[in-house]
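This report describes one protein chain for a reader who has not seen it before. Please look at the sequence and the structure first; the notes follow.

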Amino acid sequence: MVNYTILAGGFAVPGFISTYVFNNETNSLSIAAQSFTGDNPSWIARHPQNPAVLYAVNEVQTIGNLQSFTVNNDTSVSLIDTITTQGVGPTFTNPLSTGEVSAMNFGSPNCSFISTDPNDPLHFLSTNSSGVAFPISQGEKSNPHMSLQYNDEVLVSDLGADKIWRLGRNDASSNSSFTVQGQIDRDVGSGPRRLAIRNDILFVVSETTSTLTAQRILVGPNSTTSPLLANISTYPADALPGSKFAAAELLISTPTDRFPNPLIYVSNRNIGSTIDPKGDTIAIFEFVNGTSLTVSTSNANINNTNEKRMKRIRKSSVLHDRDASSSSKSEGAGYSFNLLAQVPTGLQQIRSMALGQVDDGGDAYIIAGATTTGGVAILERVNGGRNLTLLANNQEVQNRTSFVFLSSL
């Protein structure tokens, strides 16, 4: 028996971070603590070296904040420091290997990289912090949504500008400010939201068109956009009339003896007028890199249905002729996505989900939260991760939008 402790941020005024405990013997999910914070701590992230340090952004429709917390022995959290993000509605944060913490200002065309004390990552240094303004023309949209460190770069998905900005330093060995040094263009109206990298291949989930794509990352700084290796719709084939999906989260599992294949999990957020009582789905994909691919008849039918539904429901899609043809050229030969399952969760509008840690066996579970109704759910990865089984649900608190697994008890 293992008790897994999970912190959850979300929308609330006054804001709070919830502490959940999942018991994998009784399959129970309970709340152990509620810690008050600034308003709307919608995204939380743990320090990579110090598990007792937690960061959160306050996603408010004025100038937002970045906050630091210490994780107490009773798994509650205590606020230590607060600093402005220099922008509106920050929706994402993550600590970098440089000692800085990013803040993506979704409501304004900029982001911040906030330095921390080298001897105390709980305290911010405003004098060494910097902001980056994205080079968009007047009247154009910019909604930076996520940051991802890649070697000496930071990639930023801009949902409004349909670009992935490549940020670097003029001198990578110094503490000079980050600047935009390149970009990866995405199709107009696609809305790139979530990024992940594996083996120098960039995986992107686009919100507006509910698509998953893969492409190589060219050596930076570089503004050249490489052709797609593969793309697929994340849209559930059996969606009810009146549904409108906006793909939200992207996870790629770490290979282990128990789960030998790295699999891709994408949450499908239904923002349409029709509410499906089965809830939003989590789509599971396999990325195939080779010259042959065997797809079962059922999965092939699902993929065909998805493509037809995408064409019927949305005229503007990332699967334009240019993208579709690029994946069939030599660059994309032998690469494809295989849809393994669409798993209903009972949750309405999944904005985020998280995999547990490998070292304590927590990677057998995914936690997901509803932005509207349904609470928080724990799902077990079965059949080598190729499917999911719902184990537990807690509806004491709604609007949980980000999660961090702590060390198991």
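## Backbone exceptions

Thr 75 is buried, at a relative accessible area of 12%; buried means under 20% relative accessible area, exposed over 50%, and partly exposed in between (1.4 Å probe, protein chains only). The model is predicted: local features need pLDDT of at least 70, side-chain atom pairs count only at pLDDT 80 or more, and totals for chains, interfaces and linings use all residues. Residues are numbered from 1 along each chain as its sequence is written, and side-chain values use heavy atoms, with hydrogens and water left out.

Thr 75 sits in the loop between β6 (63-71) and β7, and its phi is near 70 degrees, a positive value in a residue other than glycine. Asp 200 is not a glycine either, yet has a positive phi of about 60 degrees. Asp 200 belongs to the loop between β16 and β17 (201-206) and is partly exposed, with a relative accessible area of 44%. Most residues other than glycine have a negative phi, and most peptide bonds are trans.

## The chain as a whole

Two helices and 28 strands are found in the chain. Helices (H or I, at least four residues) and strands (E, at least two) are DSSP runs, numbered from the N terminus. Of the 409 residues, 57% are buried.

The largest nonpolar core has 35 residues, and Phe 113 is among those with the most contacts inside it. Such a core is a set of buried Ala, Val, Leu, Ile, Met, Phe, Trp, Tyr and Cys residues joined through side-chain atoms within 4.5 Å. Not counting residues up to four places away in sequence, Phe 113 touches residues including Leu 96, Val 132, Leu 167 and Phe 178; contact means heavy atoms within 4.5 Å.

## Strand pairing

Strands β4, β5, β6 and β7 form an open sheet in that order, with antiparallel pairing; two strands pair if DSSP finds at least two bridges between them. β4 (41-46) and β7 (77-88) are the edges, each with a single partner strand, so one side of each has no neighbour in the sheet. Five bridges join β4 to β5 (residues 53-58), and Ala 45 has Tyr 55 in β5 as its bridge partner.

Elsewhere, β20 (residues 245-252) is largely enclosed by the rest of the structure, because seven of its eight residues are buried. Six bridges connect β20 to the antiparallel strand β21 (residues 264-270), where Asn 268 stands opposite Ala 247.

## Two buried polar residues

Arg 194 is in strand β16 (residues 192-198) and counts as buried at 2% relative accessibility. Its side chain makes polar contacts with the side chains of His 145 at 3.2 Å and Glu 249 at 3.0 Å. A polar contact is a pair of N or O atoms within 3.5 Å; within protein, one must be able to donate a hydrogen and the other to accept it, and residues adjacent in sequence count only if both atoms are side-chain atoms.

Ser 233 lies in strand β19 (residues 228-233) and counts as buried at 0% relative accessibility. The side chain of Ser 233 reaches the backbone nitrogen of Tyr 235 at 3.0 Å. Ser 233 and Phe 337 are 104 residues apart in sequence, while their C-alpha atoms are 9.7 Å apart in space.
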